[in-house]
Amino acid sequence: MKAQIIKTNARVKSVKPKKNNVFDLKELQEFVGGYIQIVKTRDERVMVINEEAKIINLPYNEIATSLYIYGNNDPIHGNVVVMDRKMIQ
């Protein structure tokens, strides 16, 4: 199973968990650069975002915003990880 990191510069990279096909908290925090928040995507996956991205003025993420279920009203900032829900403990 793979997940995708979507960076603010529009680069997308596939990633896999280090152990047991499930990401741990530390891995997810490293990908997004801080505390995490988990939100739904339009296609029933989940997106892990930086909880403080707007507060600390991380750049806007156009691709992530288009995937976010509430993206029309709540833009996503910072790098994100998109994955199937079962990849999170």
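# Burial, charge pairs and rings in a predicted model

Trainee: Which accessibility class does D43 fall into?

Mentor: D43 has a relative accessibility of 41%. The model is predicted, with local features needing pLDDT of at least 70 and side-chain atom pairs counting only at pLDDT 80 or more, while totals for chains, interfaces and linings use all residues. Residues are numbered from 1 along each chain as its sequence is written, and side-chain values use heavy atoms, with hydrogens and water left out. Buried means under 20% relative accessible area, exposed over 50% and partly exposed in between, with a 1.4 Å probe and protein chains only, so D43 counts as partly exposed.

Trainee: With which residue does the side chain of D43 meet in a salt bridge?

Mentor: A salt bridge requires a side-chain nitrogen of Lys or Arg within 4 Å of a carboxyl oxygen of Asp or Glu, and the structure holds two of them. In the one that involves D43, the N to O distance is 3.0 Å. The partner, with a relative accessible area of 24%, is partly exposed, and its name is R45.

Trainee: How many residues apart in sequence are the parts that D74 and K54 tie together?

Mentor: D74 and K54 form a salt bridge whose closest N and O atoms are 2.2 Å apart. D74 lies in the loop between α2 (62-67) and β5 (80-83), whereas K54 lies in the loop between β4 (46-50) and α2, so the separation of the parts that are tied together, counted in residues, is 20.

Trainee: What distance separates E27 from the nearest side chain of opposite charge?

Mentor: E27 sits in helix α1 (residues 25-32), where helices (H or I, at least four residues) and strands (E, at least two) are DSSP runs numbered from the N terminus. E27 is buried yet has no salt bridge; in assigning charge, Lys and Arg count as positive and Asp and Glu as negative, with His and the chain ends not counted. Leaving aside neighbours within four places in sequence, E27 is in contact (heavy atoms within 4.5 Å) with K16, P17, K18 and V22.

Trainee: What kind of aromatic pair do the rings of Y68 and Y70 form, and why?

Mentor: Rings of Phe, Tyr and Trp (its six-membered ring) pair if their centres lie within 6.5 Å, and planes under 30 degrees apart count as stacked, over 60 as edge-to-face and the rest as tilted. The whole structure has two such pairs, and in one of them F23 and F31 are 5.8 Å apart centre to centre with 80° between the planes, which is edge-to-face. For Y68 and Y70 the centres are 5.8 Å apart and the planes stand at 85°, so the pair is edge-to-face.

Trainee: How far is the C-alpha atom of V39 from that of V82?

Mentor: V39 belongs to strand β3 (residues 36-40) and, at 9% relative accessibility, counts as buried. Apart from residues up to four places away in sequence, V39 touches R45, V46, M47, I49 and Y68. V82 lies 43 residues from V39 along the chain, and the separation of their C-alpha atoms is 9.6 Å.

Trainee: What radius of gyration does the protein chain have?

Mentor: The protein chain has two helices and five strands, in the order β-β-α-β-β-α-β along the sequence. The radius is taken over C-alpha atoms, and the globule rule is 2.2 Å times the number of residues to the power 0.38. With 89 residues, a compact globule would have a radius near 12 Å, and the chain agrees with this, its own value being 12 Å.

Trainee: What percentage of the 89 residues counts as buried?

Mentor: The C-alpha atoms fill a box of roughly 35 × 25 × 20 Å, taken along the principal axes. Among contacts with a separation of 6 or more, residues 24 or more positions apart account for 49%. Of the 89 residues, the share that counts as buried is 35%.
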